[in-house]
Amino acid sequence: MTPPRLSLATWHERQRSPLPEHVRGPAVDPAALTVGQVHLGLGAFHRAHQSVYTEDAAAATGETGWGVLGVTQRSARVAEQLDPQDGLYGVLTAGADATSLRLVGSLRQVAFPGRQTPVVLDALAAPTTHVVTLTVTEKGYRRGPDGGLDLTDPDVQADLAAAAADSDEPARTPVGLLVRGLVRRAKGAGTPLTVVCCDNLVDNGRVLARLVAQALDASPALAPVGAWAQDAVRFPCTMVDRIVPATTDAHRARATDLLGLHDEGLVVGEPFTQWVVEDRFAGPRPAWERAGATLTHDVAPYERAKLRVLNGTHSALAYLGALRGHATIAQAVADPDLAELARRYVDDDVLPTLVAPDGTDLAAYRDDVLTRFANPATGHTTVQVAMDGSQKLPLRLLSTAADRLAAGAVPHVAAVVLAGWVAYVRAASAGELVVAGRTVPLDDPAAAVLAEATRGTPEQAVDGVLALRDVVPAAVGEHPGFRAEVVSALHEHTS
C-alpha cells in the first residue's frame with residue numbers, strides 16, 4: 001500500500017500516533033510563520049543547511065517573521081515537489097552508525113521565476129523582507145573571465161533591460177532577478193536589505209556586491225538605484241559546510257519507513273554542519289547564532305581553513321583514490337597509504353599556511369574532516385569530487401603550494417597531489433582510467449587544453465601543466481624545486 005504524501009494535513013494526522021525515536025517534526029509551527037526571507041536557488045544544500053538554521057533560530061527566539069520564500073532557478077521541479085507538501089520536507093541525517101529524520105517547516109512558499117517572477121519581485125521589494133540568501137552555484141553568477149558580471153551574456157542583458165523598464169517578464173538569471181528586486185524595492189519602501197551569498201566563492205559577499213554594482217552601473221536608468229543600494233544594502237561574507245549527497249531511492253525508502261509518509265522533497269545531509277557569517281547586516285536578521293552559526297567580523301580565516309584542509313584534502317583523495325580504483329571518498333580514506341598521505345599533506349603543507357580562527361583547533365579540525373570523509377553514507381564518489389580540477393585546484397591546492405614556496409619550503413605532498421591530478425588527466429584523456437569497472441572520461445571545462453598539455457613524457461606533461469597560467473600561478477609553475485618534485489611523483493604513478 002502506498003503511504004500518504006507528506007503535507008500539513010497528513011503530518012497533523014501522523015502526530016496522533018507515537019513517532020519513532022529518531023524522528024521529529026518542525027521546530028516551529030509552519031502555519032504561524034510569515035515570510036521575512038527570500039532564498040534564491042532552492043536546491044538540496046539550502047534545504048539541508050540555511051533553512052534548518054533559520055527554523056532553529058526562530059524556535060529559539062519565538063519569532064514568527066522568518067518564514068522563507070524559496071525561489072527555484074533552472075526548472076519548476078522543486079516547486080512541483082514541495083507545493084503539494086505545503087513546503088514541508090524532511091532532512092535525513094545519515095551518519096556512519098545511525099540515521100535520523102527531522103521535518104522542516106520554515107519554507108512557506110516556493111516560486112519558479114519562469115512563471116512567477118512578479119511574486120518574487122514583490123517579495124524582494126516588501127518591507128517585511130529583511131534578508132535574501134543565495135545558493136545558485138558558481139556558474140549561476142554569470143561571471144566573465146575577469147570575474148566580473150558578463151555583460152555580453154544575452155540572459156544578463158535581458159534581465160538588465162527588464163530592470164530598467166521595471167517589467168514583470170520572466171527572470172533569466174539569479175543576479176538579474178536580485179537586481180530587479182532591488183530596483184522595485186528602491187522605488188517602493190526603500191527599506192534596507194541584507195543579501196547573504198552562501199555559495200563557495202572566495203570573499204563571496206564582496207564578489208556578489210561587485211556583480212550587483214556592475215549591473216546597476218550598466219544603465220543610466222539604474223544609476224539612482226545604485227546610489228540607494230550603496231547605503232541601504234549589505235553583502236556579508238559567509239562560509240558554509242555540510243556534505244549533502246544526492247537523494248537516492250534508498251534514502252526515500254528509509255525516510256518513508258521512519259515517518260510513514262512519502263516525501264518528494266527529501267534531502268540528505270551528514271551529521272556535521274557549519275555556518276560562519278560576517279556580522280554586517282543592514283537591518284533585522286534571524287538569530288542564527290542561537291542555532292549554532294558563528295557570527296564574526298572576519299570570515300576569511302574560516303574560509304581559508306575550509307578550502308585548504310577540507311576541500312584540498314577532498315581533491316587529493318579523489319585523484320589519488322581514483323587512480324587506485326577506489327570508487328568513493330570513504331574507500332579512499334580507508335586506504336592506509338592514502339589516509340597517511342592526507343594527514344601529512346595537512347600537517348606538512350597546509351597548516352603552516354593558516355592562522356587558526358578564534359577558538360579553532362586546526363589539528364582537531366583535520367581529524368574531524370578525515371572522520372567525515374570516512375562516513376560511507378555521504379556517498380561522495382572520487383570521480384564526482386575530481387570534476388573541474390582546473391577550476392578547483394588553484395584555490396584548493398596551488399595557493400597552498402605558492403605560500404609554502406614563498407616561505408622557502410618546497411611542499412612535497414602538494415607536489416605528489418598535483419602529480420596525481422596530472423596522472424588522472426592523462427589516464428582519463430586517453431580513455432585508460434577505470435574506476436569500479438567503468439571507464440571514466442575527463443570532466444573539466446578545460447578538458448581539451450589539459451589533454452594537450454599532458455601529452456608526452458612525464459617531464460613534458462608536468463611542464464605542460466605548470467605552464468598553464470590560468471591554473472598554475474607563475475611562482476609555482478616556474479619553481480625548479482617544485483617541478484622536480486612533481487616530475488618525480490609522476491614517474492611513480494606511471495611506473
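Thr-117 sits in helix H5 (residues 113–125), where helices are DSSP runs of H or I with at least four residues, strands are E runs of at least two, and both are numbered from the N terminus. Thr-117 is buried, with a relative accessible area of 1%; buried means under 20%, exposed over 50%, and partly exposed in between, using a 1.4 Å probe and protein chains only. Keep in mind that this is a predicted model, so local features need pLDDT of at least 70 and side-chain atom pairs count only at pLDDT 80 or more, while totals for chains, interfaces and linings use all residues. Residues are numbered from 1 along each chain as its sequence is written, and side-chain values use heavy atoms, with hydrogens and water left out.

- A polar atom of the Thr-117 side chain lies 2.7 Å from the backbone oxygen of Pro-113. A polar contact here is a pair of N or O atoms within 3.5 Å; within protein, one must be able to donate a hydrogen and the other to accept it, and residues adjacent in sequence count only if both atoms are side-chain atoms.
- Setting aside residues up to four places away in sequence, Thr-117 touches Phe-112, Asp-168, Glu-169, Pro-170, Ala-171, Leu-177 and Arg-180. Contact means heavy atoms within 4.5 Å.
- Leu-177 and Arg-180 are both among the buried residues of H7.
- Helix H7 (residues 174–187) has 14 residues and spans 20 Å from first C-alpha to last, close to the 20 Å expected at 1.5 Å a residue. That expected span is 1.5 Å times one less than the number of residues.
- H7 is mostly covered, with 12 of its 14 residues buried.
- At the start of H7, a side-chain oxygen of Thr-173 comes to within 2.9 Å of the backbone nitrogen of Gly-176.

**Nonpolar cores**

- In soluble globular proteins, nonpolar side chains tend to be buried together.
- The largest nonpolar core has 65 residues, and the ones touching the most other members are Leu-317, Phe-373, Leu-418, Trp-421, Tyr-424 and Phe-482. A core is a set of buried Ala, Val, Leu, Ile, Met, Phe, Trp, Tyr and Cys residues joined through side-chain atoms within 4.5 Å.
- Helix H17 (residues 412–429) gives the most to this core, with 14 residues.
- A second, separate core of 41 residues includes Val-71, Leu-208, Trp-228 and Ala-229.
- Leaving out neighbours within four places in sequence, Leu-317 is in contact with Ala-322, Ile-329, Ala-332, Val-333, Leu-338, Ala-342, Phe-373 and Thr-382.

**H21 and the second largest pocket**

- Helix H21 (480–494) has 15 residues and reaches 21 Å end to end between C-alphas, close to the 21 Å expected.
- Phe-482, Val-486, Val-487, Ala-489 and Leu-490 are buried in H21.
- The buried residues of H21 pack against H16, H17, helix H19 (458–466) and helix H20 (474–477).
- The second largest pocket has a volume of about 550 Å³, a volume being the space filled by probe spheres set on grid points that are joined across faces, edges and corners.
- Its lining counts 23 residues, of which Leu-323, Ala-423, Ala-489, His-493 and Thr-494 lie nearest the centre. On a 1 Å grid over the protein atoms alone, a pocket is an open set of points where a 1.4 Å probe fits, with protein on both sides within 12 Å along at least five of seven lines; lining residues have an atom within 4 Å of a point.
- Helix H11 (300–323), helix H13 (336–350), H17 and H21 each supply at least two residues of that lining.

**Loop and strand residues to look at**

- Arg-142, in the loop between strand E7 (131–134) and helix H6 (154–165), has a positive phi near 50° without being a glycine. Arg-142 counts as partly exposed because its relative accessibility is 24%.
- Asp-388 lies in the loop between helix H15 (382–386) and helix H16 (389–406), and its phi is also positive, about 60°, although it is not a glycine. At 14% relative accessibility, Asp-388 counts as buried.
- Pro-30 lies in the loop between strand E1 (23–24) and strand E2 (35–40) and is buried at 6% relative accessibility.
- Arg-438, in strand E15 (residues 438–439), is partly exposed at 47% relative accessibility.
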